[in-house]
Protein chains: 4
Amino acid sequence: MIGKTVDELKVGDRAELSKTISESDIYLYAGVTGDFNPAHINQVYAEKTFFRSRIAHGLLSAGFISAAIGTLLPGPGTIYIRQELDFVAPVYIGDTITALIEVLKIDIIENHVVLKTRCKNQKGEIVIDGKALVSPPKK
Amino acid sequence: MIGKTVDELKVGDRAELSKTISESDIYLYAGVTGDFNPAHINQVYAEKTFFRSRIAHGLLSAGFISAAIGTLLPGPGTIYIRQELDFVAPVYIGDTITALIEVLKIDIIENHVVLKTRCKNQKGEIVIDGKALVSPPKK
Amino acid sequence: MIGKTVDELKVGDRAELSKTISESDIYLYAGVTGDFNPAHINQVYAEKTFFRSRIAHGLLSAGFISAAIGTLLPGPGTIYIRQELDFVAPVYIGDTITALIEVLKIDIIENHVVLKTRCKNQKGEIVIDGKALVSPPKK
Amino acid sequence: MIGKTVDELKVGDRAELSKTISESDIYLYAGVTGDFNPAHINQVYAEKTFFRSRIAHGLLSAGFISAAIGTLLPGPGTIYIRQELDFVAPVYIGDTITALIEVLKIDIIENHVVLKTRCKNQKGEIVIDGKALVSPPKK
């Protein structure tokens, strides 16, 4: 249960993790965080908004990025330092979201790695764009 | 059920939202996102790490920031454009986390607002620092 | 984080809170309370009943009344003394329920407030009617 | 899966159902209902209140009454018409709550039954008192 060290990583390494977003995912996420914004949990309200239906919380989809970093690349033992997220398109109930992680830069001296972190939906549309700064595990 | 418009906001406006983090919050969050990084859900593993115990997912605490934005300031109808997060200290089971939102800049022409977004624990230590860019609701 | 005191309330003050009821809400509620009445969790059974489908637990919708009292009117610090509930119509999966709270009577000497407490569905039909007796917070 | 009909019930019939209240019960209930009253989910806040610690939502304990009615007495097929609840003492994390149901009155013509409905804690203290009006199933 230890991820890749900075020596085992190279620029261009990739990982991904996918899940179809269920209504219960959104409701559990709302319940844990207290985010009862009606855009997420009130269908009558949501139908009158720009998005026309309930949408998933942006940080719920971003959770798949964190999951991919913490379990796959670099994996267990990684310290999460910084995450930048651009929410570029809505995520609806039933969408299948894939988090994509790619190594952009490696700083062996500081033990820091910059990752390109995106989420796309089942149509290939990017819904979240951004970067993460992490410190991989040491052996 | 509509939040504050750009005309109703002023620099320095603040809102906050608090919750004591339970083990069940972390487990439900892990279940929804698939983030089974052992640092969050394996106490035997976690006791051997730098943090000495299971810690909450950074994006779980960040969820309180999103909740405060979407329900309080600016509130319902806000479009979430960008979030930057610096994870500066760990969050443990039993910590009481308060998300603090403060209006930093208002761009009336673009209908954009920059928010200072932080989370602190019960000792007053900042655990997450960062900024959000949002578009408040229109009347 | 303190609600309205008895001096800050007046007869006719109102608050409301809405949520679309999901299947997962009913299942989680059943799991927490142990209310595995087949009317709520067994679709085969429920189709043969008067209601023709699974219905939400009456006290689940009533929970939105308590949520509106404890977070909005009077809000945090309120002591819940008594609740009367008349279950007048069924709530189905997918219904959007709005809890409506209204101040009916104020007793400044006893620090007691009587609230009209109702829930309606997305068609405007009352599904729960009743009254609550609460003691608002003191400054 | 059918409960007792009005002919099968007699005054004095009793049933009970018990559960130890966990922190996760309170957190799931808060998540389903949106009742993020800090008295239930913020330990730092709760320690400064009259109750000295986080308490369970009153309607969460009341859910055990509904569970006992809907699964035991009269059981499946019962229509819940009315519930009166007096919240007489707080319920803390770790308390073991027993819902007690007792048949008080039977109206064979209207097919109505009045139940005495109480919850007590592990010390035998009544925490909820009240009555329910129900319509038992018909064969």
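When I say contact, I mean heavy atoms within 4.5 Å. With that in hand, hello everyone, and let's look at how chain B meets chain A: 37 residues from chain B and 37 residues from chain A take part in the contact.

Some ground rules before we go on. This is a predicted model, where local features need pLDDT of at least 70, side-chain atom pairs count only at pLDDT 80 or more, and totals for chains, interfaces and linings use all residues. Residues are numbered from 1 along each chain as its sequence is written, chains are lettered from A and ligands numbered from 1 in the order in which they are written, and side-chain values use heavy atoms, with hydrogens and water left out.

Back to chains B and A. Buried area is the accessible area, with a 1.4 Å probe, that two parts lose on being put together, summed over both. For this pair that comes to about 3,200 Å², with 59% of it on carbon and sulfur atoms. On the chain B side, B:Val32, B:Leu59 and B:Phe87 supply 19% of the area buried against chain A, more than any other three residues.

How many salt bridges are there between chain B and chain A? There are four, where a salt bridge is a side-chain nitrogen of Lys or Arg within 4 Å of a carboxyl oxygen of Asp or Glu. In one of them, A:Arg82 meets B:Asp86 at 2.8 Å, N to O. Chains B and A also have 16 residue pairs in polar contact, both residues at pLDDT 80 or more. A polar contact is a pair of N or O atoms within 3.5 Å; within protein, one must be able to donate a hydrogen and the other to accept it, and residues adjacent in sequence count only if both atoms are side-chain atoms.

Which elements of chain B give two or more residues to this side? They are β1 (14–20), α1 (23–33), α4 (58–71) and β2 (79–87). Helices (H or I, at least four residues) and strands (E, at least two) are DSSP runs, numbered from the N terminus.

Strand β2 also pairs across the two chains: five bridges join β2 (residues 79–87) of chain A to β2(B), and the strands run antiparallel. Two strands pair if DSSP finds at least two bridges between them. If you'd like a place to look, A:Gln83 stands opposite B:Leu85 in β2(B).

Now please turn to chain D and chain A. Here the contact takes five residues from each of chain D and chain A, and the two chains bury about 320 Å² between them, 74% of it on carbon and sulfur atoms. D:Gly31, D:Gly34 and D:Phe36 lose the most area, together 82% of what the chain D side buries. Between chain D and chain A there are zero salt bridges and zero residue pairs in polar contact, counting pairs with both at pLDDT 80 or more.

Let me finish with two single residues. Is D:Val91 buried or exposed? D:Val91 is buried, with a relative accessible area of 5%; buried means under 20%, exposed over 50%, and partly exposed in between, using a 1.4 Å probe and protein chains only. D:Val91 lies in the loop between β2 (79–87) and β3 (96–107) of chain D. Beyond residues up to four places away in sequence, D:Val91 touches D:Ile21, D:Ile55, D:Ala56, D:Ser61, D:Ile97 and D:Val127.

Over in chain C, C:Thr98 lies in strand β3 (residues 96–107) and is buried too, at 9% relative accessibility. Its side chain makes a polar contact of 2.7 Å with that of C:Ser18.
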